[in-house]
Amino acid sequence: MAASDGHEQLTFVVPGNPDQNTGGYRYVNRLVGALNGLGHPAHVVGVGGQFPFPDEEAVIAVDELLASLPDHSRVVLDGLAMGGVPQVIERHAGRLVLVALVHHPLADETGLEAERKAWFFRSEKRALAAVEGVIATSEYTAARLADFGVSAARVNVARPGVDRLANPVTQPKVTDTELIELLCVAHLSPRKAQLHLVEALSELTRLPWHCTLVGSDQRDAGYSATVKRAVAARQLQDRVTIAGELDESAVNEAYQRASLFVFPSLYEGYGMAIDEALAAGLPVVTSDGGALARVADMPGVQMFPAGDIQALADLLAKLMAQPHRLSQLRQDARMAHARVQTWARTAEAFLAGLEALQIDKSATLFDARWLELREPADHQARNRELSRKLTTWVERAYRSTVPHGGSRSPIAIVDLGSGAGSNACFLAPAIPVPQHWTLLDQDARLLGRAKDRVAALDIPLDAVVAELSPLTLAHHIPDNVQVITASALIDLVPAPWLEALADCAATRRAAVFVVLSYSGDFSLSPAHPDDGLMLQLVNEHQHGHKGKAAALGPEAPAVLKRMLVSRGYQVTIAESPWQLDSTHAELQRALIEGWCAAAIEQAPAMAVRIHQWQDQRQQQAADGELTVHVSHQDLLALPADAQHGGA
């Protein structure tokens with residue numbers, strides 16, 4: 001299913017009405033909106049029937065929807081819609097590209113009977129085995145899916161975003177007599193545990209509070225009735241308002257009126273409500289159920305053990321009885337406000353996850369032996385003056401940072417297309433200050449080797465399997481990065497890729513150091529009449545498609561320089577040529593073989609002539625009679641930032 005802008009449309013499948021106001025449905029709708037905002041078309045389709053334990057109507061509805069989609073369509077199946085229909089997923093898995101979106105496993109729902117719980121586990125495990133991969137909404141859920149047979153390589157994470165409120169809640173200092181407005185936003189259900197909150201509050205009637213429960217009281221009518229009876233039995237009708245489901249504007253007003261957000265849930269696969277409260281600048285009291293433990297150390301958050309009603313009552317009493325503590329918590333919450341992410345960042349993570357799941361199908365991986373052969377020549381060729389300038393800048397940047405708790409943070413460096421780690425192994429020992437490296441590459445096998453080699457240098461690092469595209473580059477490059485580096489890479493990518501790189505660097509005010517980019521010239525000695533022909537064909541091949549768009553080839557360093565200069569960088573390009581003599585005979589032979597393969601691809605009719613050139617050159621290399629010069633360029637771009645010492 002193609003879209004007019006060239007991106008393939010994503011179809012999200014959810015059970016029932018897509019406009020339902022729960023965390024899972026909000027996630028899908030906000031994500032789809034953000035994807036469209038990034039120029040990546042997506043839409044949501046609801047299917048009829050009963051879910052997640054499906055009736056016949058549900059099975060037929062999912063089957064008919066998938067059958068109606070063209071071959072190779074990309075479909076994102078919400079876990080509620082797919083977990084109970086594995087036979088349907090299996091039927092369409094070979095024809096469609098199916099990806100599961102899992103908020104939390106169906107078997108983890110609170111209150112399930114043992115038999116139903118076991119059925120959900122078997123069914124969802126079977127369905128997850130049939131899809132291409134999984135996007136989870138939290139690291140907690142991603143780890144939990146290992147119990148369902150989902151390997152780490154088949155699951156990626158896209159945490160929820162928030163709709164940032166323009167003006168986070170600003171409350172005056174709390175007084176002893178101020179009415180404290182408590183807010184809980186979640187549909188009434190046993191897992192959300194509003195009954196526990198009512199029971200805890202019934203012990204605190206001497207304190208000045210009012211509580212509003214916002215969320216549907218129709219999804220589980222039996223539990224809602226139990227909560228309402230508890231409110232009446234404890235004579236809290238004037239102090240607990242069950243507001244039901246509200247529209248977005250009314251929910252935002254509730255956040256603005258509130259003093260404290262309370263979330264007693266027994267289990268969450270992520271807990272969007274916490275981020276939404278913090279985005280509104282509200283302090284939070286929450287349980288540690290499931291993925292909620294992720295916010296334990298976040299400013300503005302107080303936590304109690306899930307299901308412990310007395311602990312909840314004690315914590316609320318302590319905060320409400322000590323106004324200065326609640327005031328401080330409110331100030332802390334305003335600090336946490338800036339840490340929650342937007343839905344645009346969620347969309348970037350989602351796209352990165354989709355691409356990562358398809359790496360094994362589409363990627364052309366570099367040969368490990370080729371990388372091993374070229375590494376000594378690469379290290380010898382690198383421009384020492386530019387390396388020295390980078391080292392000086394990094395040292396100044398490190399010294400200029402403000403120590404936290406008596407120590408400075410390590411310099412954060414990301415290596416794009418790390419391969420077997422050659423770039424990091426050369427550069428890291430030359431930098432005389434503490435460092436933390438992030439290695440990014442699409443080849444897990446090579447990345448594992450790189451990780452081992454860099455770790456042997458006693459340097460902390462993260463190694464991440466990732467396909468780096470213009471859409472996903474910003475997601476994979478850490479926000480705190482100070483140096484972005486790459487080796488033998490940018491001549492293989494198109495202009496939009498470099499534009500994304502320049503944007504990432506400028507946003508983070510990071511130095512850029514890309515080395516050993518082929519710059520369009522090679523020569524061999526002794527000369528051969530067809531050397532010029534080979535150079536022409538190889539350069540034409542360099543401009544060919546290396547994935548989804550035409551590579552820039554030898555023009556890449558100059559193009560990247562223009563992009564970075566326009567963003568306020570000081571940019572220097574210097575030569576870093578290979579000089580290959582008889583001590584590099586094996587690399588010479590591999591290089592000649594690669595050139596000839598590229599030339600024949602460009603001009604198949606000249607194959608005989610090209611092979612003749614190849615035979616002569618290979619023999620000269622074997623005899624130690626050949627020298628080869630290959631031009632490369634290194635580029636160093638430094639942000640015009642006085643605190644980092646400039647250039």
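## A buried pair to start with

Are R617 and D531 buried or exposed? Both R617 and D531 are buried. In this predicted model, the two side chains form a salt bridge, with the closest N and O atoms 2.8 Å apart. R617 sits in helix α24 (residues 607-622) and D531 in helix α21 (residues 531-542), so this contact ties together parts of the chain that are 86 residues apart in sequence.

## The chain as a whole

Stepping back, the protein chain has 647 residues, and 54% of them are buried. Its secondary structure comes to 24 helices and 20 strands. Along the principal axes, the C-alpha trace spans about 100 × 60 × 40 Å.

For a sense of spacing inside that outline, take R396 and S138: they are 258 residues apart along the chain, and their C-alpha atoms are separated by 37 Å. R396 belongs to helix α16 (residues 384-400). With a relative accessible area of 44%, R396 falls in the partly exposed class.

As a general point, side chains of opposite charge can pair when their charged atoms come close. One of these bridges joins R95 and D71, at 3.0 Å from N to O. This pair links distant parts of the chain, 24 residues apart: R95 is in the loop between α4 (86-93) and β4 (97-102), while D71 is in the loop between α2 (56-68) and β3 (74-78). R95 is partly exposed, at 26% relative accessibility, and D71 is partly exposed too, at 46%.

Another bridge brings the side chains of E499 and R567 together at 2.5 Å, N to O. E499 is in helix α20 (residues 495-508) and R567 is in the loop between α22 (556-565) and β18 (569-575), so parts 68 residues apart in sequence get tied together. Here E499 is partly exposed, with a relative accessible area of 33%, and R567 is also partly exposed, at 21%. Elsewhere, E109, R191, K192 and E268 are linked in a network of salt bridges.

Helix α2 has 13 residues and runs 18 Å from its first C-alpha to its last, close to the 18 Å expected at 1.5 Å a residue. Which residues of α2 are buried? They are A58, A61, V62, L65 and L66. These five cover an arc of only 120° around the axis, which means they sit on the same side of α2. The other side of α2 has E56, E64 and S68, which are exposed.

How many cavities of 30 Å³ or more does the count give? The count comes to one. The volume of the largest cavity is about 30 Å³, and its lining is made up of V14, G24, Y25, D78, L80 and H103. Sorted by class, that lining has three nonpolar, two polar and one charged residues.

Most residues other than glycine have a negative phi, and most peptide bonds are trans. Some spots here go the other way. The peptide bond from F51 to P52 is cis, with omega near 0°, and P52 lies in the loop between β2 (42-47) and α2. The peptide bond from S525 to P526 is cis as well, with omega near 5°. P526 is in the loop between β17 (511-525) and α21, and α21 is the helix that holds D531.

As for phi, A488 is not a glycine but has a positive value of about 50°. A488 is placed in the loop between β16 (483-487) and α20. R509, also not a glycine, has a positive phi of about 55° and is found in the loop between α20 and β17. R509 is partly exposed, with a relative accessible area of 29%.

Technical notes. Residues are numbered from 1 along each chain as its sequence is written. This is a predicted model: local features need pLDDT of at least 70, side-chain atom pairs count only at pLDDT 80 or more; totals for chains, interfaces and linings use all residues. Side-chain values use heavy atoms; hydrogens and water are left out. On a 1 Å grid over the protein atoms alone, a cavity is a set of points where a 1.4 Å probe fits but cannot get out, and a pocket is an open set with protein on both sides within 12 Å along at least five of seven lines; lining residues have an atom within 4 Å of a point. Grid points are joined across faces, edges and corners, and a volume is the space filled by probe spheres set on the points. Ala, Val, Leu, Ile, Met, Phe, Trp, Tyr, Cys and Pro count as nonpolar, Asp, Glu, Lys and Arg as charged, and the others, Gly among them, as polar. A salt bridge is a side-chain nitrogen of Lys or Arg within 4 Å of a carboxyl oxygen of Asp or Glu. Helices (H or I, at least four residues) and strands (E, at least two) are DSSP runs, numbered from the N terminus. Buried means under 20% relative accessible area, exposed over 50%, partly exposed in between (1.4 Å probe, protein chains only). The expected span of a helix is 1.5 Å times one less than its number of residues. The arc is that of the directions from the helix axis to the C-beta atoms.
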